[in-house]
Amino acid sequence: MGNRRVLVVEDYPASRNLLVEWLESFGYEPLAAGNGLEALQLLEGGANPSLILLDLRMPKMDGWTFMERAVEQRLLGRARVWVTTAADLPRAPRGVEGALYKPLDLEALGELVARICGPAQPVDEQR
């Protein structure tokens, strides 16, 4: 089985927690960060996700700055980065593969996560 880790970088706790719970329910291994600085610290600590879902507008360190530093410091490894945003995205930060627009389409999100991290394994089916 491949790497099923997904790093969710989202400043709104309710949105972050919902995504984490949703990912867990499909057998993925979510990690959570409330801003870009926390996400950098996770990567520096060896988190090694396959996918990073990155909000762009956050306090302390936004998604643009996170990407600049993560690319400069070569912290992304093989992680593929998709931004989650409610705003139009005229251009993506360097190193970003694509964008999902808020409110998130869970079917599209599920397809993306499955493509990158392997097929869903709903918790109910694992028992």
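Biologist: How many helices and strands are there in the chain?

Modeller: The chain has five helices and five strands. Helices (H or I, at least four residues) and strands (E, at least two) are DSSP runs, numbered from the N terminus. This is a predicted model, in which local features need pLDDT of at least 70 and side-chain atom pairs count only at pLDDT 80 or more, while totals for chains, interfaces and linings use all residues. Residues are numbered from 1 along each chain as its sequence is written, and side-chain values use heavy atoms, with hydrogens and water left out.

Biologist: What pattern does the chain follow along the sequence?

Modeller: The pattern is β-α-β-α-β-α-β-β-α-α.

Biologist: And what radius of gyration does the chain have?

Modeller: The chain has 14 Å, which agrees with the value near 14 Å for a compact globule with 127 residues. That radius is taken over C-alpha atoms, and the globule rule is 2.2 Å times the number of residues to the power 0.38. The C-alpha trace spans about 40 × 30 × 25 Å along its principal axes.

Biologist: What share of the residues is buried?

Modeller: Buried residues make up 45% of the 127. Buried means under 20% relative accessible area, exposed means over 50%, and partly exposed is in between (1.4 Å probe, protein chains only).

Biologist: Which residues are buried in helix α3?

Modeller: In α3, residues 63–72, they are Gly63, Phe66, Met67 and Ala70. Seen down the axis of α3, these buried residues fall within an arc of 95°, so they line one face of the helix. The arc is that of the directions from the helix axis to the C-beta atoms.

Biologist: Why would residues three or four places apart point the same way?

Modeller: An α-helix has 3.6 residues a turn, so residues at that spacing point the same way.

Biologist: What covers the buried residues of α3?

Modeller: The cover includes helix α2 (36–44) and the strands β3 (51–55), β4 (80–85) and β5 (96–101). Contact means heavy atoms within 4.5 Å.

Biologist: New topic. Where does Gly118 lie?

Modeller: Gly118 is in the loop between α4 (106–117) and α5 (123–126). At 16% relative accessibility, Gly118 counts as buried. Not counting residues up to four places away in sequence, Gly118 touches Arg4, Tyr28 and Val113.

Biologist: Is Ala32 buried or partly exposed?

Modeller: Ala32 is partly exposed, with a relative accessible area of 41%. Its place is in strand β2, residues 29–33. Leaving out residues up to four places away in sequence, Ala32 touches Leu7, Val8, Arg16, Val20 and Leu42.
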